[in-house]
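Here is a short briefing on one structure. Please look over the sequence and the model first.

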Amino acid sequence: MNQSVLLAIAASVGLVAGAGGTWFATSTSSKEVEVVSKEVIAAFIRADPSLCPIPTVEAPTHAEALSAYRKAYAASPLVWDRDNLPEISLALGHCDAASSGPGVACMTSVKIGPQAQPLDRIVGFAKAASGAWIATLN
């Protein structure tokens, strides 16, 4: 075929495809969208709170966290005198799902001894297969 005929066919196909695409993009849909106000959404959620569940995490109780922390501290390779462990106290703060592994990460305030200053630190807690909480010291 002649090169000018091929060029005319390609231009015609491109023109038809462009016109069809433009018509498809600008044609109106038969479905109408209704805008719902925030008040209507809030009313639905108040009527049925299961529509918007609040995520919760399972966190250890204070006693479980203290026991797990004491076990982790006693097993730490940095502890050289396992026969004379200090009296550890722990205050448990906010817990959230751990981003780096299973379990939760909790803000804690730890005192290693009765006269010690409290240390604020993040401690990880995960549940073992036995159901007991395990602490990870960072």
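**Briefing: a strand residue, a helix and a core**

Thr 108 lies in strand β2, residues 104-112. Helices (H or I, at least four residues) and strands (E, at least two) are DSSP runs, numbered from the N terminus. This is a predicted model: local features need pLDDT of at least 70, side-chain atom pairs count only at pLDDT 80 or more, and totals for chains, interfaces and linings use all residues. Residues are numbered from 1 along each chain as its sequence is written, and side-chain values use heavy atoms, with hydrogens and water left out.

**Thr 108**
- Thr 108 counts as buried because its relative accessibility is 2% (buried is under 20% relative accessible area, exposed over 50%, partly exposed in between; 1.4 Å probe, protein chains only).
- Neighbours within four places in sequence aside, the contacts of Thr 108 include Leu 90, Leu 119 and Phe 125 (contact means heavy atoms within 4.5 Å).

**Helix α3**
- The buried residues of α3 are Ala 65, Leu 66, Ala 68, Tyr 69 and Ala 72.
- Down the axis of α3, these fall within an arc of 165°, so they line one face (the arc is that of the directions from the helix axis to the C-beta atoms).
- On the other side of α3, Ala 63, Lys 71 and Ala 75 are exposed.
- The buried residues of α3 pack against β1 (88-97), β2, β3 (119-127) and β4 (133-136).

**Nonpolar core**
- The largest nonpolar core has 15 residues; Tyr 69, Leu 90, Phe 125 and Ala 135 touch the most other members (a nonpolar core is a set of buried Ala, Val, Leu, Ile, Met, Phe, Trp, Tyr and Cys residues joined through side-chain atoms within 4.5 Å).
- α3 gives the most to this core, with five residues.
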